[in-house]
Structure formats: structure tokens, C-alpha cells
Amino acid sequence: MRYEQGRLQVTRNDEHGKTLLYQGDEDVRGRWLDFRFVTRWGRSDKGTLDVTLDGRGILRYKGPTVYQSGSGHSRHALIYFKTGLYRDALREPPWTMYVDEYRKDQCDTAVCR
């Protein structure tokens with residue numbers, strides 16, 4: 001997920017490159033955003049990504065959500081979450097980001113909807 005040039009974007013990066021899955025055009029600066037990602041990790045069409053923004057569904061993706069085997073990435077590589085400001089892309093300060101109530105859960109598919 002990125003915010004670049006006034007657009008909020010969700011992309012998928014894999015061995016074939018970058019694919020844009022969602023692009024919004026609303027101004028999201030200066031306010032709290034409530035995201036929810038429900039992800040099923042998989043190398044086939046069994047992978048899914050459902051994303052809501054402020055309770056509104058913005059993305060339903062079905063397909064690979066991890067690199068394919070043999071792509072040069074370890075088959076047993078960890079899946080991890082990271083967030084931050086990439087200041088190389090930002091010109092002048094201020095650079096501000098607030099994160100509140102980050103949570104990672106594991107749950108049955110039927111419960112995580």
C-alpha cells in the first residue's frame with residue numbers, strides 16, 4: 001500500500017513485476033484512516049486479499065499472494081508486515097505518520113470476513 005502523488009494505491013509485487021490492484025482518488029491526508037486487510041496467503045488462485053477503508057470495501061482480489069516456488073525467493077521465507085515513511089520519495093518535511101491499534105490475528109476463514 002502506498003500513497004504517491006495524491007493517490008492511495010494497493011499493489012501486488014511478484015516475480016512478474018508490480019500490478020496495481022486498487023487506486024483511489026480521494027484526499028486522505030490529514031485524517032485517520034481505518035484499514036482492514038484479510039489475507040489468505042497462497043501461491044495459487046486460493047490466495048485472497050479483502051481490503052476495507054473506513055468500513056467500505058475497496059478491494060477483493062483472488063489469486064497468488066506470495067512468490068511462486070522457484071522464483072529465487074526462499075520457499076519457506078517469512079511473511080512479514082512493515083510500515084513507515086519512505087523519505088527518499090518525500091521531498092521536504094514534515095514527514096508525519098501515526099499508527100494506532102495495529103493487530104495481527106489468525107482465524108478461521110469463515111470468522112475473518
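I started with Tyr98, which counts as exposed because its relative accessibility of 65% is over the 50% cut-off. I note here that I am working with a predicted model.

**Entry 1: the ring next to Tyr98.** I asked how many aromatic pairs the structure holds. I found 2 of them. One is made by Trp32 and Tyr98, with ring centres 6.2 Å apart and planes at 45 degrees, so I logged the pair as tilted. That angle lies between the 30 and 60 degree cut-offs, which is why neither "stacked" nor "edge-to-face" applies. I then looked up where the two partners sit: Trp32 is in the loop between strand E3 (17-23) and strand E4 (35-40), while Tyr98 belongs to the segment after E6. The two are 66 residues apart, and their pair links distant parts of the chain. Is Trp32 buried or exposed? Trp32 turned out to be exposed, at 58% relative accessible area.

**Entry 2: another tryptophan.** Next I went to Trp95, which lies in the segment after strand E6 (56-62). Its relative accessible area is 36%, so I filed Trp95 as partly exposed, since the class runs between 20% and 50%. I also wanted to know which residues form a nonpolar patch with Trp95 on the surface. The list I wrote down is Phe81, Leu85, Met97, Val99 and Tyr102, and together with Trp95 they have about 620 Å² of accessible area.

**Entry 3: the strands.** I stepped back to the whole chain and counted 0 helices and 6 strands. Reading along the sequence, I get the pattern β-β-β-β-β-β. I then followed E5 (residues 48-53) into E6, and the two pair in the antiparallel sense over 6 bridges. Leu53 has Arg56 in E6 as its bridge partner. The two strands form a hairpin with 2 residues between them. In the turn I checked Asp54, and its phi is positive, at about 55 degrees.

**Entry 4: totals for the chain.** What share of the 113 residues is buried? I noted 21%. The chain exposes about 9,500 Å², and carbon and sulfur atoms supply 48% of that area. Last, I looked at contacts between residues at least 6 apart in sequence: 31% of these join residues at least 24 apart.

Conventions
Residues are numbered from 1 along each chain as its sequence is written. This is a predicted model: local features need pLDDT of at least 70, side-chain atom pairs count only at pLDDT 80 or more; totals for chains, interfaces and linings use all residues. Side-chain values use heavy atoms; hydrogens and water are left out. Patches are made of residues with over 30% relative accessible area and no salt bridge: like charges are joined within 9 Å, nonpolar side chains (Val, Leu, Ile, Met, Phe, Trp, Tyr) within 5 Å. Accessible areas come from the Shrake-Rupley method with a 1.4 Å probe; for residues, only the protein chains shown count as cover. A salt bridge is a side-chain nitrogen of Lys or Arg within 4 Å of a carboxyl oxygen of Asp or Glu. Helices (H or I, at least four residues) and strands (E, at least two) are DSSP runs, numbered from the N terminus. Buried means under 20% relative accessible area, exposed over 50%, partly exposed in between (1.4 Å probe, protein chains only). Two strands pair if DSSP finds at least two bridges between them. Contact means heavy atoms within 4.5 Å. Rings of Phe, Tyr and Trp (its six-membered ring) pair if their centres lie within 6.5 Å; planes under 30 degrees apart count as stacked, over 60 as edge-to-face and the rest as tilted.
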